Structures are given as C-alpha cells and as structure tokens.
Amino acid sequence: MAAAPLASGLHPPEVSVIFLAYQQEAFVAEAVRSILAQTGVVAEIILSDDASTDQTYARMAAAAAGYSGPHTVVLRRNTANQGIDHIVQVVELATCEVMVMAHGDDVSEPQRCGRLLEALRQTGAYVASSNYLEIDAAGRTLGLGQPAGEARSLAAEDLAAEGWRPWLFGASLAWRRAVYTAFPRLDAAYLPLGHDTLVPFRGAVLGGLAYVPAPLLRYRRHTGQWGHLLHDHSAPEAWRESLYALAIMPRLAMDSDLRHLRERASPADQPRLTELHQFVRERILLLTAEWVTARQALRRQGWRPTWLRPEARPGRLNGLGALRENLRNLYRRMRWQLFRR
C-alpha cells in the first residue's frame, strides 16, 4: 500500500520516526499519540502497519486523524505481513539522516526524539539508546529498566563478546542512516533474528554508541510480545541450547559486515578492521563449540530435535496466536521434544 500523507509539517524534519505496528489494537492509539506529542524537534513520523488482522490499522489511523502540529505524518499499511523485513522497508522510506524506532505497544515520553537526536549530535555516535520504564499491559509502572545514573558504554569488541545488553532494546534505539547504508541490506535473509545486537555493533564500528540515562520510553511488558517465542522454555537445557543458537546468528552477520567494510576500507582503517574481524571469528568458533556441547547434552538425556513446518495461515488470528504463527512462518523455529523411552 502506498504511503498516505496525513499532515505536512511547518519546517523540514530533523528526525524520522520508524513507527511499526502489528496486532497491537489494545495499545496502538496511545503509542501514536505519544509520538505525535514529541517536543523540541520536528519529526517525520511514518506510521506503518504490517498487515494486522485485528483493528490495529484502524485505531492507528483514527489516533492520527486530524493532526495539525509541527510534524510531518505519513500513514501506510502492508498488504502482506513482512515480519522483520518491515523495519528495513520503512527505513528505506524515511528521508532523514537520523531515525528513531517506535513500536505500537510502547509509549514515548514527549522529549524522547529530541534527546536521542541531541545525544547523537553531541557525541558523534552512530547509535543511541536510553533508559526506560517498564509498564504492564494496563500501563502500570513495573520499575526502571536500568539502574539510575549509571553510564553505559560498549566497544564493538564488547558487543561481539557479550552480545545483546538490556539497555540496547530495539524499541529504545535511534541511529544514523549509515548504520543501514554502509553495510549489506539488513533484511531477514541477512539476519532473521538479532537486530538489537547487530545495529548497535554497526554503530560502534562506525563511530560509537551514546546512552541517555533518563527514561525516555515506557516499554510495555505483555504476553503478546513476540520476544517470548524466541526460546524453548520447556526445560533449562533446551532454553540454554536455543540461546547459543540465537547468539551465533548476529555474530555471523558481524562477520559479513566486517568483510564488507574491509573490502572498501582505506589502508589506514585496515588494521583496526582486521583485528576486530579476527576477534569476531574467534567468538563464533567459541559459541559454536558451546552450542554443539549443549546439543550433545540434550541428546544424551534423550531429547531429539524436531523441525516444525510453517502452519497454514488461517483466515484470522488475533493476539498471541497471530504472533506465534507469524514467527514460525518467518524463521521456521526449531523446538525440542522429549521422546519417552
């Protein structure tokens, strides 16, 4: 579906908001209103629904209808579900050099976009994140996401070694366009899972990460989040095996990213990139060994892996059922099943 402009701002936008929604009818109106209420910055707001089968798109459109503030607002809807590719699809539609992520179930504080843009400009970083408050499905505060006042800083080597960190939620991120354009296209074929790890890694390689300790986002915890489906929780051993498998995927993308950069880098940058590339490859070997060890332990205990075929898409699914079906279709998720002897 072509994008439909709802409002044209009074001034050229400074930041593009990548607002992604799917099956979030209970929360999306509040999320949209929080983005429209951004202050201290002029934004291009792209409200994009990923072919929801519930009332998400209708409620998103209603929340934005009649807007007449300083921001440019664009409304669009996919005709078929794109899953993780929804991100790069909207990134490529955005016109600003800096982009801020927003999800259809979270609530942004009014100063969020402005503070993240300021952090990128002041530090020269390529990716920025912030602290956040966790809220439940009813909007009740559960607590601060990260300890107050603590500084956060990671080098590319740290991300390659440690992987995703809790203060690098994809929902909290902002980035410069080069994070997507200086590397291979970040779609599901390149990396089906692990964008929260790879995007900060790319930022660290290009010029660093910035962190705003103030809670600029209310991050909603609820059962419909697709992140609950990433691991097999049937037993600690199966959970650990799935963690290792998922940890390897973004490292493989890091390897491809660095090979891409090294082919184009100046002689002055080659030593740094070569050293980092070797570090990433060593980490891949270590994680692979740990993954194989975890799989062997499961087999010794009588577990056997079973691939589940993608289920036929029903005419209508809501909430967690739709999220589960979509994730299976995209990633052909592997589960472990215990065969009784």
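**Aromatic pairs in the predicted model**

Trp167 is buried, at 4% relative accessibility (buried means under 20% relative accessible area, exposed over 50%, partly exposed in between; 1.4 Å probe, protein chains only). The structure is a predicted model, in which local features need pLDDT of at least 70 and side-chain atom pairs count only at pLDDT 80 or more, while totals for chains, interfaces and linings use all residues. Residues are numbered from 1 along each chain as its sequence is written, and side-chain values use heavy atoms, with hydrogens and water left out.

The chain has an average pLDDT of 87, and 84% of the residues reach at least 70 (pLDDT is the predictor's confidence in each residue, from 0 to 100).

The structure contains 6 aromatic pairs (rings of Phe, Tyr and Trp, the last by its six-membered ring, pair if their centres lie within 6.5 Å; planes under 30 degrees apart count as stacked, over 60 as edge-to-face and the rest as tilted). One of them joins Trp164 and Phe169 edge-to-face, at 5.3 Å centre to centre and 70° between the planes. Phe169 is buried at 10% relative accessible area, whereas Trp164 is partly exposed at 33% relative accessibility.

The ring centres of Trp167 and Tyr211 are 5.3 Å apart with the planes at 70°, so this pair is edge-to-face. Trp167 lies in the loop between helix 5 (156-162) and strand 9 (174-176), and Tyr211, 44 residues away, in strand 10 (residues 209-220) (helices, H or I of at least four residues, and strands, E of at least two, are DSSP runs numbered from the N terminus). Tyr211 is buried, with a relative accessible area of 13%. Ring pairs also link Tyr132, Trp164, Phe169 and Tyr219 into a cluster.
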